Amino acid sequence: MQNKLSSSSAEEIASSIDIVWEILLRLPLISLLQLKCVSKQWLTLISDQKFRESHSLHRHQHYPTSLIFSECGQSHILSFTATAQTLRVFNLDFLDESKVTVIRSCNGLLLCRSTSAYVISCTPKWSNASAYFICNPITGDFTTFNLLSHPCWNKKIELYLVFDPSISPHCKVISVAPSEELDSQFDWVFNVYSFKTSSWIRPGVFLSTPFELDAANGIYCNRGIHWCCTAEFSVYFDVDTQCVKNYPMPLSDLEWERRSIACFGESGGRLHLMLTISMQTHKYDLFEMKEDYSGWSLRHCVELNQVELPLTWNFFYIVRTAKAKEDKSMLVFIVGREAAISYDPVDQTSRKLCEFEKGMRYTNTNTSFVLGGIFQYFESKALVETCTDAMH
């Protein structure tokens, strides 16, 4: 009798869309994808646009679980939360493009570029002919666009992916290029791509910065594209107000004469900055931006004297881990030509994560402290086709 009642209750729950909705909403993404096979009703529900948007918001991850390595048309993924770290091929075959390189990652969505035309380019015009994709590797959703109609077609254009599922289910692409009208190294134009008209919105937003900046080295965080400089203040572009704003740096102009920037990045919704103390002794200060942008907090003194570093290493990558809610832990990734290791500044331990095979080169080719080719990755069921045109 009890079994019959239990069976009846289970059937009632399974037949109630509202109850199933609430249950599925709380499941991790991998489990959700597996449950598509249970019934046509569940497949329809899990594939529903409103459900996917709700799941993306409800299960939004603030802390990454993996790193993507992407350079010159080849991509690999490394899970640093798994017991055994394995560097495996990151499959982007669903884009139907032979060579694709990831250039931005934002809360589960990726901005990718077709590499076939880009790698042989010698001028901005030729490289701007590449096809671009916004995609979700988990669901296989993607949309495409290009720079052919961009008003700064003959200039070097940098792209940024903006996606905040806790604020909106919509994503957008913002471009930064030297201004043609103002003709100054301190003047820039910001444009948004319109997915409705398949073109770039004109005239764009023309803004000036107090110093020359490298448009490629911005970091997106908290609705702003941030740049970093060795001065008392640096700048960021506020996506919502469409203006350039100042934010403080941790050192004064005089103090910068004895220090340099080793790493500038974002993780867990906070900006991070690692400064050299002494290159000879491998000592660094690791700062984190305060939530109200009033200044920086010194989080750790990173000492790598006792760490077995890769033979030729040249940059860092900082990530706040999932346990950051409890002890605000960070991991410092040290990447070289042969291998990548992680370092925990709390207990001062390190471990080798992976070795790169011959031909795999995920290293900075310039002296920038903003790392290209390595990205944080968040699993998400976020839609791609809901991109919006509005700047805010």
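Biologist: How many disulfides does the structure hold?

Modeller: The structure holds 0 disulfides. Bear in mind that this is a predicted model.

Biologist: Let's step back to the whole chain. How many helices and strands are there?

Modeller: The protein has 8 helices and 25 strands. It has 392 residues, and 50% of them count as buried. The accessible surface is about 19000 Å², with 50% of that belonging to carbon and sulfur atoms.

Biologist: Can we follow one residue? Where is leucine 95 found?

Modeller: Leucine 95 is in the loop between strand S3 (87-89) and strand S4 (100-106).

Biologist: Is leucine 95 buried or exposed?

Modeller: The cut-off for buried is under 20% relative accessible area. Leucine 95 has 3% relative accessibility, so it counts as buried. Setting aside residues up to four places away in sequence, leucine 95 touches Val100, Phe133, Cys135 and Phe142. Its C-alpha atom is 9.1 Å from that of threonine 143, which lies 48 residues away along the chain.

Biologist: Now strand pairing. Which strands pair with S15?

Modeller: To read pairing, look for the bridges and the direction of the strands. Strand S14 (residues 224-226) runs antiparallel to S15, joined by 3 bridges. S15 also pairs with strand S16 (residues 243-248) in the antiparallel sense, over 6 bridges. Tyrosine 236 in S15 is a handy one to click on: histidine 226 has it as bridge partner, and lysine 245 is its bridge partner in S16.

Biologist: How many residues are in the links between those strands?

Modeller: The hairpin from S14 to S15 goes through 6 residues. The hairpin of S15 and S16 has 4 residues between the strands, and glutamine 242 there takes a positive phi near 55°. As for cover, strand S15 (residues 233-238) has 5 of its 6 residues buried.

Biologist: Which residues touch the most other members of the largest nonpolar core?

Modeller: Think of such a core as buried nonpolar residues linked through their side chains. The largest one here has 40 residues, and those touching the most other members are Ile134, Phe145, Leu159, Val173, Ile174, Phe190 and Trp227. Elements giving two or more residues to this core include S4, strand S5 (109-114), strand S6 (131-136) and S15. Another core, of 17 residues, lies apart from it, with Ile219, Tyr247, Ile261 and Met289 among its members.

Biologist: What is phenylalanine 145 in contact with?

Modeller: Leaving out neighbours within four places in sequence, the contacts of phenylalanine 145 include Leu111, Ile134, Leu159, Val173 and Trp200.

Methods:
Residues are numbered from 1 along each chain as its sequence is written. This is a predicted model: local features need pLDDT of at least 70, side-chain atom pairs count only at pLDDT 80 or more; totals for chains, interfaces and linings use all residues. Side-chain values use heavy atoms; hydrogens and water are left out. Buried means under 20% relative accessible area, exposed over 50%, partly exposed in between (1.4 Å probe, protein chains only). Accessible areas come from the Shrake-Rupley method with a 1.4 Å probe; for residues, only the protein chains shown count as cover. A disulfide is a pair of cysteine sulfur atoms within 2.5 Å. Contact means heavy atoms within 4.5 Å. Two strands pair if DSSP finds at least two bridges between them. A nonpolar core is a set of buried Ala, Val, Leu, Ile, Met, Phe, Trp, Tyr and Cys residues joined through side-chain atoms within 4.5 Å.
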